[in-house]
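Welcome to this guided tour. Keep your viewer open and select each stop as we reach it.

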Amino acid sequence: MVFRAGKSIRIVTLLVKSILRRNAHLILLVSLSAPLVLTVILYSLPSPVLFLEEYFSSAFRDVNVVITSRNSIIGKCIKAGLVEGELAGYGPVTLVYPKVITKEFLEALKLNETGCMCSGLTISLPRDIYVYLNYTCNVGLRTLGAYGSYCTGYTHKSLEAVIVLVNGTESFQRDNLYLCFTSKLEIARNTLVELESSILSTVDAWLFLLLIASLPGVYVASIRVLLSIKSELRVLLNVGLSEAAVTLYCTFALWILEVLSGLFLLSLSTTIVYSASTALSTLVPALVPTFRLGQILRHTLLIFAFTYLVSSIASRRFARNEELL
Amino acid sequence: MRSYFKVYILMVRKRCALIVFPAVVLLVLSVLSAYALSSIRTLYYADKTLLGLGDSVVVSGAAISPFTSLVNSEELSRLLAGVKGVEVEYLFLTLAYLYDKPVVIHGVEEGVKTGCAHVGVDLVKSLHINVGEAIPVHSPFSDSTYFFEVCGLVEGPALLLNYEDAIKIRGVKPGYYTLAVIRAENREVLEEVYKALGLEPAKQKILSRALLVLVRKGEKISVEAYENIIEGYLYRLGIYRDFVFYFAYAMVIISALSTPIIGVGLVVLLRREVYVLRLLGLSCRGVFLVLLTTVVVATLFSYALAQVIAISGLLPGTRVLGYYISPSMSVEDLICVHFVHLVMCITGAYIGLTRHAK
């Protein structure tokens, strides 16, 4: 079987023109409308992350906070140990042992110097406890069964725990804690990104199932289109073209029309979504749709891949079935 | 009529695909549409899942969520001072980060000691927390991290703290709560409650389930009433319930846009039989009746299977702040989407037959 590019293109063009002349492509347009229109609509749902950035970014961006985490994915993190202890004259407290103490770390924690002259073991107390202990410079601390005297070098407000500022402390039973320095905006963004991705994964699965459910419709539409050009196909077979060649030409002709119909539906639905949103926002303050081009492109390509498969099955069945021809 | 029925039975016996093909396609399309519809419906009744409120009149402050609202108990008691036969329950709910995970915090006045936390079993599993250890809770309101000892476990994904600890995280004074649940003895008492709160007579449609939002304007307090509790918060974000439901119904209709092809497909599938029947003298209307029966039977099969799927709870839900919200497909939703698909399918069969006749 030898294919000549020029001849093949001419035959495919002829088939496409015949289909268009008989308006038979409309059924392909209908069969693809549900998966493609809903792809655009659902992947244009307003993003909560963009909403956050639009309304709260100025208020949240410059607020630096210290957050504890089980991993070091948010902002700049330092590994730390967390143990229970007892502060003389106060009672049980939680102690945080940072593994590495740097100048940057001290600045990020927003520690305030107490004015005590510390040379040995230094700690930073929560401001309330420091006031409760009557601005003392030396406190007794019992932790991990050992008792020691510590100098109150700093106070802080970010953590309601005593921060032990000793470099290279021994490993603790639970040292899988990280002290992360980041902005308030970043924490909120992380939460909303998680929420958005869980919504989008549901949308992905929903659209994929819709695509699978639409494929029998695409198959029926392909058969209907081929039935409309059966006289042309009969002529092609009579002039000596093989079944395989006819199958291939039909597949290409159908697929070209499906891609064109798909692109038309994509642009139409995008226009409708954005026009409707603009019209709505003039009436009431509404959320603006987020155009997720990557996801739309990925799902559209998936639709085109599946439609190629269906077109090829329909064309093969059509070319081999004498009853249909 | 009997002859049509005989023809129909004969065709079904010969071709099982006649029922299986449309039934399967309709089942998938209908379940997907009903799932989308019920997911949105479930979102608007999430207060039952998230807050366990049930049918009650809830008083909230003006806020974008129930976790950021504030109600002063003294002020509300003062407003309701003259009303007898009413019981007010105050709830304290807020949002915080347990490690870096957002969690819902319930502040309770009894049952949890100060400095203690009762952690939801779902959080225990996901964050590998043990009883007796210290857990960090970061407040997005005061930007401070507080440490609590895990003293016990509770059902669900929330964190139970003592009221004093919870208000410390929220950064408010004692006497403030997030929501107040009002339970009136009867409708007359409820009417008095609405009057006492200052709801305009025109808006006094007495509802057994409502959200009353108290908005302070200087010295005056005005009241806004919402039939749906979640709607009272979402509309402040520019999400309107009517538009959300129009969107859901539009999705159902769009997903049914391709359904006429199923009807056309039936004619393609039966083109030989239709040709023979027409030759034998069966009218075009008769053939359409046969196709109509096929579509109706396939829709009934699809509906029955969809009900089985709805009851079995096979469909996945979504997690909101750790709470699992499973969409419950209602009978009304399933009937509505099947009806839409049935109409589209019949239209398709009619178009297919007309073209075939030509």
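At what angle do the axes of helix α8 (residues 243–283) of chain A and helix α9 (residues 293–320) of chain A cross? Before you look, here is how to find your way: residues are numbered from 1 along each chain as its sequence is written, while chains are lettered from A and ligands numbered from 1 in the order in which they are written. This is a predicted model, in which local features need pLDDT of at least 70 and side-chain atom pairs count only at pLDDT 80 or more, whereas totals for chains, interfaces and linings use all residues.

**Stop 1: two helices in chain A**

Select α8(A) and α9(A): their axes cross at roughly 145 degrees and come within 8 Å. Axes here are lines fitted to C-alpha atoms, for helices over the stretch in contact, and angles run from 0 to 180 degrees between N-to-C directions. Helices (H or I, at least four residues) and strands (E, at least two) are DSSP runs, numbered from the N terminus. Now show the residues of the contact, including A:W255 and A:L266 of α8(A) and A:F304 and A:Y308 of α9(A). Two residues are in contact if their C-beta atoms, placed from the backbone, lie within 7 Å. The residues of this contact comprise 11 nonpolar, 8 polar and 4 charged. Ala, Val, Leu, Ile, Met, Phe, Trp, Tyr, Cys and Pro count as nonpolar, Asp, Glu, Lys and Arg as charged, and the others, Gly among them, as polar.

**Stop 2: domains**

Colour chain A by domain: domain 1 is 5–58 + 187–320 and domain 2 is 71–175. These bounds come from an automatic or database domain assignment. Taken over C-alpha atoms, the centres of the two domains of chain A are separated by 60 Å.

Next do chain B, with domain 1 at 2–45 + 240–357 and domain 2 at 53–229. Their C-alpha centres lie 45 Å apart. Where they touch, domain 1 of chain B gives 5 residues and domain 2 of chain B gives 7 residues.

**Stop 3: where the chains meet**

Show both chains together: 37 residues of chain B are in contact with 44 residues of chain A. Among the elements of chain B that each supply at least two residues to this side are α2 (17–44), α9 (241–255) and α10 (260–269). By class, the side of chain B that touches chain A has 25 nonpolar, 8 polar and 4 charged residues.

Zoom in on α10(B), which is largely enclosed by the rest of the structure because 8 of its 10 residues are buried. A residue is buried if 20 or more other C-beta atoms lie within 10 Å of its own, exposed if 12 or fewer, and partly exposed in between, with C-beta atoms placed from the backbone. The buried residues of α10(B) pack against elements of both chains, including α6 (184–228) of chain A and α13 of chain B.

**Stop 4: a helix of chain B**

Select α13(B), residues 331–357. Its buried residues include B:L334, B:H338 and B:L353, and the buried residues of α13(B) pack against α2, α9, α10 and α12 (284–312) of chain B.

**Stop 5: two loop residues**

Is B:Y99 buried or exposed? Find B:Y99 in the loop between β3 (86–98) and β4 (101–108) of chain B: B:Y99 is buried, with 21 other C-beta atoms within 10 Å. Phi of B:Y99 is near 55 degrees, a positive value in a residue other than glycine.

Finish at B:H128, in the loop between α5 (121–127) and β6 of chain B. B:H128 is not a glycine, yet has a positive phi of about 50 degrees. B:H128 is exposed, with 9 other C-beta atoms within 10 Å.

How values were computed:
Expected span 1.5 Å × (residues − 1).
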